[in-house]
There are 2 protein chains.
Amino acid sequence: MTVTRPLLLDLYQLTMAQSYFALGMNDCAVFELFVRSLPRNRGFLVAAGLAQALEYLEGLRFGSADLDFLASLDLFSPEFLKCLGTFRFSGSVHAMPEGTPFFAQEPILRVTAPILEAQLVESRILNTVHFQTVIASKAARCALAAGGRQLVDFGLRRAHEADAGLCAARAAYVGGFHATATVEAGQRFGIPLSGTMAHSFIEAQAREEEAFRNFAATYRGAATLLIDTYDTERAARRVAELVHELRKAGSSRHIRAVRIDSGDLARECRAVRHILDSLGCQDIQIVVSGGLDEYAIEDLVRNAVPVDAFGVGTALDVSADAPALDMAYKLQEYAGKARRKRSPGKATWPGVKQVFRERGAQRQIMRDEVALAEEAVAGEGLLVEVMRDGRSVRPPPALAQIRARCLSELSALPPQVRELGEGVGSVPVRISDALRALAAQLDAEVG
Amino acid sequence: MTVTRPLLLDLYQLTMAQSYFALGMNDCAVFELFVRSLPRNRGFLVAAGLAQALEYLEGLRFGSADLDFLASLDLFSPEFLKCLGTFRFSGSVHAMPEGTPFFAQEPILRVTAPILEAQLVESRILNTVHFQTVIASKAARCALAAGGRQLVDFGLRRAHEADAGLCAARAAYVGGFHATATVEAGQRFGIPLSGTMAHSFIEAQAREEEAFRNFAATYRGAATLLIDTYDTERAARRVAELVHELRKAGSSRHIRAVRIDSGDLARECRAVRHILDSLGCQDIQIVVSGGLDEYAIEDLVRNAVPVDAFGVGTALDVSADAPALDMAYKLQEYAGKARRKRSPGKATWPGVKQVFRERGAQRQIMRDEVALAEEAVAGEGLLVEVMRDGRSVRPPPALAQIRARCLSELSALPPQVRELGEGVGSVPVRISDALRALAAQLDAEVG
């Protein structure tokens, strides 16, 4: 992850770079990253992954093994490879801070650099910002649904390979999760870790109650016991017995919670809560998991099902209903002149832009305006300079601060925009008159 | 990717391992990896990712920084951390060769090792085998749809972070793709690379025909020109002019193809083919891209639209219709005794199993039987030993060989199982009588 992988790009980035190099095209280009349209039933997205994009830009170097491989392709001139050998990203970046909610057609990141550089970094910047934005957006929906109950990322096993497992934990935390089961995310990002036990631990032992006792006895801390391996309610009674046994023995080992991972979760939670309460275990929490998404969470919360924490796996880590966004990184200006892609269904708003956000009472987000950066428009400009001359202009904010920002901004969304399903509202995004005029002017010119 | 990341696991793998260590539970466990059910409208899946799983098992070590981090969590005893410090995976692995089609409830990989070891590797084995299996399965569907036409992976930018981009290229190649745009996949895996040009290259230059001429002049090889930036048919005529210009000049630079990335692809391809043919450019190929999936490919092929190659991005690299499989890694035997998970909807078939495949004429796959490994069942046993005492038993097969195996096996699927949509057929998978009897016996015993 922290190792920059220079050849993690599309071949055409390199062949186009070679053309720019050979043609002597080294004027300044401006590319902007944005999402063309929101996924179905979504009122907003949450920007994330900026820290990793900046790390990439600062660290990007082509090593001799990379250059040797490229030479072997018989596609690149020795002069161009020599140029790559001294490559450093020297441009500037403006971006929305991580954790900012945003909408369709709004640039969330802008790269300004000689065109060779700005083009070369397209694939990897998209790759990392897209993914974390996908996951932070999904996580934020779970956070809205959970209404303050604990959310834990359980999704490493179904995440798309190693880096996705790691970065999903980060983005989920940004979006409002409280913890992750992925240990490397604790190591790399300082995210709180949380874990329970697996069915195999129960099955490997002759009797369930023995497995519970053994786990509690060897767990250094407060254990969560998994109770749905055979018969959930019977297991809940066994846990209650064990809690009393440990209390009576004055043992320092204790049990924090039970986990239910299958069956009719609402029914099981109510039955288990009743059993635990009636056996004097009011302090034992209930964790649920197993195929949860924001809709299942909302359903449990709305029905006041006694759940203290949700473990969310697959639906979060692959963002099952929207595993990809229609995110693009497009040239908006070259050599001081605005540019516009006009392909059917994929036309872009040209020029160097800014997103201006207007707020109402309690900082509620009222409307956004996408305008030329130089325009004087009311509202807060969301894109701020984060890199200049290839160096970050300030240390990245702490992850906890990004998360707090995200949660605060989520509560500033109009209530109907925070809805999860059909009928979700939207924040109006205006395209400025000057921007429309510029687009029309370019359409008339180019061809 | 090749660096083993020891803390890329779920916290509970470590806390359970500590319990096994403290309890002295070090008998041999057998875990099997399988998919509970196929995604909607799918008749088969394709196993992939074994090579990366074996690399992980061979290379897994906990370094001092890892142990220091774990110590900081205040969850682990010094004795257990010392044990982790000398951890080596010492078990054996049986698996279906990569590229093998398989079905629900069939184990595709089996780990046999002391329970601490076999449990500890769960998350990462699932993480890597799951992802490549997801992508190889999606790629195979594209290959079936494309009917031999070229398929190129364009999906890095929307893949879920760096490793997914890299491994998607590998798995897509296994499933029948011909090339990838992801350069690192060429470097790491020797996959053929392919690339075109981006709209920005056109837009950065004053006139489209100038951009075409400049690209062809600076491209070392046969270029593919992108023709949908402004007006696709006009651009096709410009390409034809340039082809003649280069021919007349006897230039060594030449143009291989045009790419269309938007609009009504069927209509545009036909119009462009007609223009190119009528202008003496019968040898210029047409590449299409832009939101393609197996259904769009099938549609173009069925309607005999003149397409030579498909660039497939998002739908492939996130497997948009099925971004995750219901894949699990479950304890099937411990200390010589079969084990069974009985949770509602998640019950497993216990014991050490083998998948026996029966074939008909032309090696057509007729039916599979999931049986105990020790049973004498007709057919070819699909799980073969690939690792013994923690070491691979043979060098991994070449990727081209895995791909060839996959394509040959796809053609051995019954035609209705190769269908893409609703009404797709299935290969019957029988559960052996002995296996059913064992499950019933365990249900009667355990509780």
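In the predicted model, chain A superposes on chain B through a rotation of 180 degrees with 0.0 Å of shift along its axis, at an RMSD of 0.0 Å. This is the relation of a two-fold axis. The two copies use the same surface for their contact, since 100% of the contact residues of chain A recur in chain B.

The interface joins 86 residues of chain A to 86 residues of chain B. On the side of chain A that touches chain B, at least two residues each are supplied by helix 1 (11-23), helix 5 (115-120), helix 6 (122-146), helix 7 (161-174), helix 8 (183-189), helix 9 (199-203), helix 10 (208-218) and strand 12 (327-334) of chain A. Helix 1 of chain A provides the largest share of this side, with nine residues. Classified by residue type, the side of chain A that touches chain B comprises 42 nonpolar, 28 polar and 16 charged residues.

Helix 1 was also examined in chain B. With 13 residues (11-23) at 1.5 Å a residue, helix 1 of chain B should span 18 Å, and the distance of 19 Å between its end C-alpha atoms agrees with this expectation. The helix is mostly covered, ten of its 13 residues being buried. The buried residues of helix 1 of chain B include Leu11(B), Tyr12(B), Gln13(B), Leu14(B) and Thr15(B), and Met16(B), Ala17(B), Gln18(B), Ser19(B) and Tyr20(B) are likewise buried. Just after helix 1 of chain B, Gly24(B) adopts a positive phi of about 70 degrees.

Chain A contains 16 helices and 19 strands. Along the principal axes, its C-alpha atoms fill a box of roughly 80 × 55 × 35 Å. Of the 447 residues in chain A, 55% are buried. Among contacts in chain A between residues at least 6 apart in sequence, 73% connect residues at least 24 apart.

The domain assignment divides chain A into domain 1 (20-58 + 90-135 + 332-445) and domain 2 (136-317). The centres of domain 1 and domain 2 of chain A, taken over C-alpha atoms, are separated by 37 Å. Their contact draws on 19 residues from domain 1 of chain A and 25 residues from domain 2 of chain A. On the side of domain 1 of chain A that touches domain 2 of chain A, strand 2 (45-46), helix 6 and helix 15 of chain A are the elements that give two or more residues. Helix 15 of chain A makes the largest contribution to this side, six residues. The residues on this side of domain 1 of chain A divide into twelve nonpolar, four polar and three charged.

Pro415(A) counts as exposed because it has 9 C-beta neighbours inside 10 Å, where exposure requires 12 or fewer. The C-alpha atom of Pro415(A) lies 9.6 Å from that of Gln364(A), although the two residues are 51 residues apart along the chain.

Strand pairing was examined in both chains. Strands of a sheet pair through backbone hydrogen bonds, in either the parallel or the antiparallel sense. In chain A, strand 5 (residues 109-114) is largely enclosed by the rest of the structure, because five of its six residues are buried. Strand 1 (residues 28-35) of chain A pairs with strand 5 of chain A in the antiparallel sense over six bridges, and within this strand 5 Ala113(A) is the bridge partner of Ala29(A). Strand 3 (residues 92-95) of chain A also pairs with strand 5 of chain A in the antiparallel sense, over four bridges. Arg110(A) in strand 5 of chain A stands opposite His94(A).

In chain B, six strands form an open sheet with parallel pairing, in the order 7-6-11-10-9-8. Strand 10 (residues 285-288) and strand 11 (residues 309-312) of chain B pair in the parallel sense over two bridges. Phe310(B) in strand 11 of chain B is the bridge partner of Val288(B).

Notes. Residues numbered from 1 in each chain as written. Chains lettered and ligands numbered in written order. Predicted model: local features only at pLDDT ≥ 70, side-chain atom pairs only at ≥ 80, totals over all residues. Pairing = 2+ DSSP bridges. Expected span 1.5 Å × (residues − 1). Buried ≥ 20, exposed ≤ 12 C-beta atoms within 10 Å, placed from the backbone. Contact = placed C-beta atoms within 7 Å. Nonpolar A, V, L, I, M, F, W, Y, C, P; charged D, E, K, R; others polar. Least-squares fit on C-alpha atoms with pLDDT ≥ 70 in both. Domains from an automatic or database assignment.
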